[in-house]
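Look over the sequence and the model before reading on. The report below takes one topic at a time.

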Amino acid sequence: MATTTAPKSPTSTKSARAAKSGANNRRWALIFAGAAILVFVFYQYLLPHLDQSVKSVFDSWLPISTLEESLVWIICAIGLNIVVGYAGLLDLGYVAFWAIGGYTAGWLMSSFFNNVDFSFFGVIPPQPGGIHINFWIVLVIAAAFCALWGVIIGAPTLRLKGDYLAIVTLGFGEIIPQVFYNGDCIGPACWNVSNGTQGIYPVDSMNAPKILPGMKGATLGIFDQPYKYIFFCLVAALCVFVSLRIREGRLGRAWLAIREDELAASMMGVPLMRTKLAAYAVGAAMGGFGGVIFAEYVGGVVPDRFNFSISITLLAMVVLGGMGNVWGVMVGALVLAWINATGLKQIGVTFNQVFHTSINFPANNYLLFGGILVLMMLFRRAGLFPEMRTKAVLEEDEVADDAGGTHLSDPEEVTA
Amino acid sequence: MSAQTADQPWLARTGEPMLEIANLSVFYGNIAAVQDLSLDVRKGEIVTVVGSNGAGKSTTLRTISGLIKPRKGTITFQGDQIQGKKGNEVVRRGICHSPEGRRIFPRMTVDENLDLGAFLQNDKAAVAAERDRVLELFPRLAERINQKAGTMSGGEQQMLAVGRAMMGNPTLLLLDEPSMGLAPILVDLIFDTIEKIRDQGTTILLVEQNALAALRIADYAYVMESGHLKLEGDAKQLSRDDAIVRAYLGG
């Protein structure tokens, strides 16, 4: 105990730590960027020239539309990872932000408000009636609007902890889609905010700069899939970048401290309420991105797409990939989104053909998700690609317990 | 307090008051944890609050650092009333708390734990200096600087808890049961270090069940029992009074 060593200089250990995580991040970023570009080149330039039989395999097993949809899931999962993975706040109502983002796109990029006529670098050629704002501007507006709603929902609910917080977020995740669902006649004046069950359709095509050879026009419609895909990738990359940067900074450390031990964090001077609200706001903003992109992918906004199961699927993606590790979460989102959109259906078709059965595989997808979650909790609690710090401690848990334990998880009264 | 001092000369204390608690009452629901407590801490002292389980010692510390709101009474720190202020505002004023049960961040390295201790400090050079000071006081932490805190022994975790609180560069350091669960030799080591911290100029309010060890290093002591203040006085005087030791300090 009394041995003395010269304290290592503070800068050297810190820069070593940063370099290690930096190298890891660079490796993953290269893998994902490389894969994204390969996929684009393949679907845009190679696939159309390939043999029909090859084409049909890709069309049924991995169509580009599935990849586009996966990107929506990836963006939302990255956002949810900030709330659940970084700050440790269990949010079961994340679909609310996805819906708000989607409807923001519906309001600002369609003829929905047909009594006004406003266009701002909108769809080309310009359309009369309604509000038509440029896709990229709508993206920013939706993110800001969702962040605002994150704060509005968070301010009363974040005073709760653990299970109670989860239940209240569950409630908001139901309320907001229901508001849109029944939003064709709100209040005594019977305002129509959402067209009710019909949804808002169609949403303007996506504005995109002509940065790639062969792109026609300045807007991308339903059929310009590989091009749209590459722009969706850019938005996902932005989300990854933002969450990695925040993670390294002061706010990221504060989230981590709250996740590890809220009481101790407040003793270090971390402002609990503000820090948690920031997590909600940033997470919600990414949900807004996801919503706008989803509206663009579908070409409209339909209320029954925003149901509770989306929140749970997103949570399953985060848990499967590895809570707190952005890269793992992306893998988790890709895998589950693919299973949901095409994988399970195709496996079912193949299985039924081979064994002459008629099992409806897609109908059992939640059975599969539930099974995955149970198996993960039993055998790989930290996810497929665990966050580095989680991995180390789950392995060392027993050592810590022997050494006298660390967590007194008694209920504490904290004035937030 | 001043009236007491007149007929009890050993109560005379030098140094200006840093923290003054007056008529503090704290409740958990309907249960009174602390009732009508008054105490003060003067600059440069180690003041200890001793007492058995449930005496209200930890509650007092938590109330000072803004984790619990008091029902009645005032807490004055360097001339400002701080009762009911939020935790981060209290830390900003220079009161840092090393909590009961250590509560280090187990999944973070020692280094990251120390970093978080300096969460509100903006001056990088000052933080680096403070970090060097902590590592000098606890050389063991320097050896383990990149180890996950949860994998360290109890004594090392306690050192980290104290070191982490010191990273906030406190004017007043609150220590809650730093001897809990430690072998006697480690208790001595921790307490020697606490004395060293005082000698370097940090005022300390120490809450302890291990009364004799606390009285050995403290300048002034308060004895609490079931939420009430029972006794106060010069720490050395108290520890020499056999009747008091038998009645309150489990000696």
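This is a predicted model: local features need pLDDT of at least 70, side-chain atom pairs count only at pLDDT 80 or more; totals for chains, interfaces and linings use all residues.

What share of the 416 residues of chain A counts as buried? The figure is 51%.

## Chain A in outline

Chain A has 14 helices and five strands. Take the contacts in chain A between residues at least 6 apart in sequence: 71% of them join residues at least 24 apart.

How confident is the predictor? The average pLDDT of chain A is 87. A score of at least 70 is reached by 89% of the residues. Over residues 1-10 of chain A, pLDDT stays under 50. The model has 19 contacts beyond four places in sequence for that stretch. Over residues 396-416 of chain A, pLDDT also stays under 50. Here the model has 42 contacts beyond four places in sequence.

## Cysteines

A disulfide is a covalent bond between the sulfur atoms of two cysteines. How many disulfides does a search of the whole structure find? One, over all chains. It joins A:Cys185 to A:Cys190, with an S to S distance of 1.8 Å. The angle about the S-S bond is -130 degrees, and the link of A:Cys185 and A:Cys190 is left-handed.

The cut-off for a disulfide is 2.5 Å.

| Cysteine | Relative accessible area | Class |
|---|---|---|
| A:Cys185 | 41% | partly exposed |
| A:Cys190 | 38% | partly exposed |
| A:Cys239 | 1% | buried |
| B:Cys96 | 3% | buried |

## Helices

Helix H4 of chain A covers residues 95-108. Does its length fit its residue count, or depart from it? At 1.5 Å a residue, its 14 residues should span 20 Å. The end C-alpha atoms of H4(A) are 20 Å apart, which agrees. Burial comes next. In H4(A), 14 of the 14 residues are buried, so the helix is largely enclosed by the rest of the structure.

Chain B has a helix H4 too, at residues 110-117. This helix is mostly covered, with eight of its eight residues buried. Among them are B:Val110, B:Leu114 and B:Leu116. B:Asp111, B:Glu112 and B:Asp115 are buried in H4(B) as well.

Now pick out one residue in chain A. A:Glu68 lies in helix H3, which covers residues 64-86. Is A:Glu68 buried or exposed? A:Glu68 is buried, because its relative accessible area is 1% and the limit for buried is under 20%. Leave aside its neighbours within four places in sequence. A:Glu68 is then in contact with A:Gln225, A:Lys228, A:Tyr229, A:Phe232 and A:Tyr297. A:Ile137 is 69 residues from A:Glu68 along the chain, and their C-alpha atoms are separated by 20 Å.

## Strands and sheets

Strands of a sheet pair through backbone hydrogen bonds, either parallel or antiparallel. In chain A, three strands form an open sheet in the order E1-E3-E2, with mixed pairing. E1 (109-110) and E2 (117-120) stand at the edges of this sheet. Each has a single partner strand, so one side of each is left without a neighbour in the sheet. E2(A) pairs with E3(A), residues 130-133, in the parallel sense over four bridges. A:Phe118 stands opposite A:Ile131 in E3(A).

Turn to chain B. Which strands pair with E3(B)? One is E8(B), residues 203-208: five bridges join the two, which run parallel. There, B:Val49 stands opposite B:Val207. Another is E9(B), residues 220-225, paired in the parallel sense over four bridges. There, B:Val47 stands opposite B:Tyr220.

E3(B) itself covers residues 46-50. Five of its five residues are buried, so the strand is largely enclosed by the rest of the structure. In a regular strand the side chains alternate between the two faces of the sheet. In E3(B), B:Ile46, B:Thr48 and B:Val50 point one way, while B:Val47 and B:Val49 point the other way. All of these residues are buried.

Definitions and conventions
Residues are numbered from 1 along each chain as its sequence is written. Chains are lettered from A and ligands numbered from 1 in the order in which they are written. Side-chain values use heavy atoms; hydrogens and water are left out. pLDDT is the predictor's confidence in each residue, from 0 to 100. Contact means heavy atoms within 4.5 Å. Buried means under 20% relative accessible area, exposed over 50%, partly exposed in between (1.4 Å probe, protein chains only). The expected span of a helix is 1.5 Å times one less than its number of residues. Two strands pair if DSSP finds at least two bridges between them.
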